[in-house]
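Reader: I have a model open and a few things to ask about it. Can we go through it piece by piece?
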Amino acid sequence: MKTYRLFGMSVPGAMLAWVTLVALTLLSIAAAGQSHHGASRLLMTWLVAFIAWYKSRLLVRHYLESRLAGRVFDRVVRWFALVAPAVLAVSAWREAGAFTGLMAGLF
């Protein structure tokens, strides 16, 4: 298990990842709440999607350890972890009407 030196203490990588996941969860909750209080819903949803992508990377790296299972499996897991945040970002773009306007201009 990988450890990091933080403020003179040895901290396990999994614990540091867990604390980061909790902080990012709180940040995404705050961003989602701001979209209901006047902030741009599209931007806040994209921020939540980016946070979800980063959280999935942390989970894959520190808990699933897919890199130890082989190159192909690692890539499959990383692409799978990208799917949900990407779909969230595209659906937010579509809900905002930007996607419809773009598609109308193409066809």
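Reader: Serine 28: buried or exposed?
Author: Serine 28 counts as buried, at 13% relative accessibility. Buried means under 20% relative accessible area, exposed over 50%, and partly exposed in between, with a 1.4 Å probe and protein chains only. This is a predicted model, where local features need pLDDT of at least 70, side-chain atom pairs count only at pLDDT 80 or more, and totals for chains, interfaces and linings use all residues. Residues are numbered from 1 along each chain as its sequence is written, and side-chain values use heavy atoms, with hydrogens and water left out.

Reader: Which element is serine 28 in, and what does it touch?
Author: Serine 28 is in helix H1. Leaving aside residues up to four places away in sequence, serine 28 touches Val48 and Ile51; contact means heavy atoms within 4.5 Å.

Reader: How do the axes of H1 and H2 cross?
Author: The axes of H1 (residues 13-34) and H2 (residues 41-64) come within 9 Å and cross at roughly 165 degrees. Axes are lines fitted to C-alpha atoms, for helices over the stretch in contact, and angles run from 0 to 180 degrees between N-to-C directions. H1 and H2 are therefore roughly antiparallel (under 35 degrees counts as roughly parallel, over 145 as roughly antiparallel, 65 to 115 as roughly perpendicular and the rest as oblique).

Reader: What classes of residue make up the contact of H1 with H2?
Author: That contact has 16 nonpolar, 6 polar and 1 charged residues. Ala, Val, Leu, Ile, Met, Phe, Trp, Tyr, Cys and Pro count as nonpolar, Asp, Glu, Lys and Arg as charged, and the others, Gly among them, as polar.

Reader: And what about H2 and H3, how do their axes run?
Author: The H2 and H3 axes come within 9 Å, crossing at roughly 170 degrees, and H2 and H3 are therefore roughly antiparallel. On the H2 side the contact includes Trp46, Ala49 and Val60, and on the H3 side it includes Ala81, Leu82 and Trp93. By class, the contact of H2 with H3 has 16 nonpolar, 2 polar and 5 charged residues.

Reader: Changing topic: how many aromatic pairs?
Author: The count is 2 aromatic pairs. Rings of Phe, Tyr and Trp (its six-membered ring) pair if their centres lie within 6.5 Å; planes under 30 degrees apart count as stacked, over 60 as edge-to-face and the rest as tilted. Phenylalanine 50 and tryptophan 53 have ring centres 5.7 Å apart and planes at 35 degrees, so that pair is tilted. Tryptophan 53 and tyrosine 54 are also tilted, at 6.4 Å centre to centre with 55 degrees between the planes.

Reader: Where do phenylalanine 50 and tryptophan 53 sit relative to each other in the helix?
Author: They are 3 residues apart in helix H2, so about one helical turn separates them. Ring pairs link Phe50, Trp53 and Tyr54 into a cluster. Tryptophan 53 counts as partly exposed at 28% relative accessibility, and tyrosine 54 as partly exposed at 34%.

Reader: What is the phi of glutamate 65?
Author: Glutamate 65 has a positive phi of about 50 degrees although it is not a glycine. Most residues other than glycine have a negative phi. Glutamate 65 lies in the loop between H2 and helix H3 (71-95), and is partly exposed, with a relative accessible area of 34%.

Reader: How many helices and strands in the chain?
Author: The chain has 4 helices and 2 strands, running β-β-α-α-α-α from the N terminus on. Helices (H or I, at least four residues) and strands (E, at least two) are DSSP runs, numbered from the N terminus. Buried residues make up 21% of the 107 residues.
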